[in-house]
Amino acid sequence: MIDLGSLFSGINAADRIAGRILSKKGTRLEKKIRAVGDLQKAINATEAYLVSSKQAYLPNADLSSLWVQAFTSMIPFDKELAKTLRNQSRFWSNPESWRREPGAMELIPKMRELDDRCEEMINTLEIRISRR
């Protein structure tokens, strides 16, 4: 004879485990969506700043902070991209020092490249979300 208490206990344990696994997947997806949003926010703010400042490269703490946020959000998903976002943050702390150093500007990704990368990530996320 099956012990109903043991059966229900096993079902409850399996349900808790499944809930944790599913919530981790959902949490990871939510974090990835947030990371892409942080990246897009930094890109948009930088482009708006460059337009309004007529391409003046002056230190900008707000932009630097936005790029730090994009960097920290992206670390779990794309470490290589995160490194470039960190450089973007460092650049906006002191653009002139970066512009004077030979080869330093090559470490700073172009806005178009970042925007294309962000678009690719959005497309991938849309596919994953549609499969849920």
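Predicted model: local features only at pLDDT ≥ 70, side-chain atom pairs only at ≥ 80, totals over all residues.
Local features were taken only at pLDDT of at least 70 and side-chain atom pairs only at pLDDT 80 or more, whereas totals for chains, interfaces and linings use all residues. Residues are numbered from 1 along each chain as its sequence is written, and side-chain values use heavy atoms, with hydrogens and water left out.

The protein chain contains 5 helices and 0 strands, these being DSSP runs of H or I with at least four residues and of E with at least two, numbered from the N terminus. The order of elements from the N terminus is α-α-α-α-α. Of the 132 residues in the protein chain, 30% are buried, that is, under 20% relative accessible area with a 1.4 Å probe and protein chains only.

Arg28, Lys31, Arg34, Lys79, Arg128 and Arg132 form a positive surface patch, for which residues must have over 30% relative accessible area and no salt bridge, like charges being joined within 9 Å. Helix α1, spanning residues 4-52, supplies the largest share of this patch, with 3 residues. Lys79 belongs to helix α3, which covers residues 79-93, and is exposed at a relative accessible area of 56%, exposed being over 50%.

Ser52 is likewise located in a helix, namely α1, and is exposed with a relative accessible area of 58%. A polar atom of the Ser52 side chain lies 3.2 Å from the backbone oxygen of Tyr49.

How values were computed. Patch = residues over 30% accessible without salt bridge, like charges linked within 9 Å, V, L, I, M, F, W, Y side chains within 5 Å. Areas by Shrake-Rupley, 256 points an atom, 1.4 Å probe, with all protein chains shown as cover. Salt bridge = Lys/Arg side-chain N within 4 Å of Asp/Glu carboxyl O. Lys, Arg positive; Asp, Glu negative; His and termini not counted. Charge placed at Lys NZ, Arg CZ, Asp CG, Glu CD. Polar contact = N/O pair within 3.5 Å; in protein donor to acceptor, adjacent residues only side chain to side chain.
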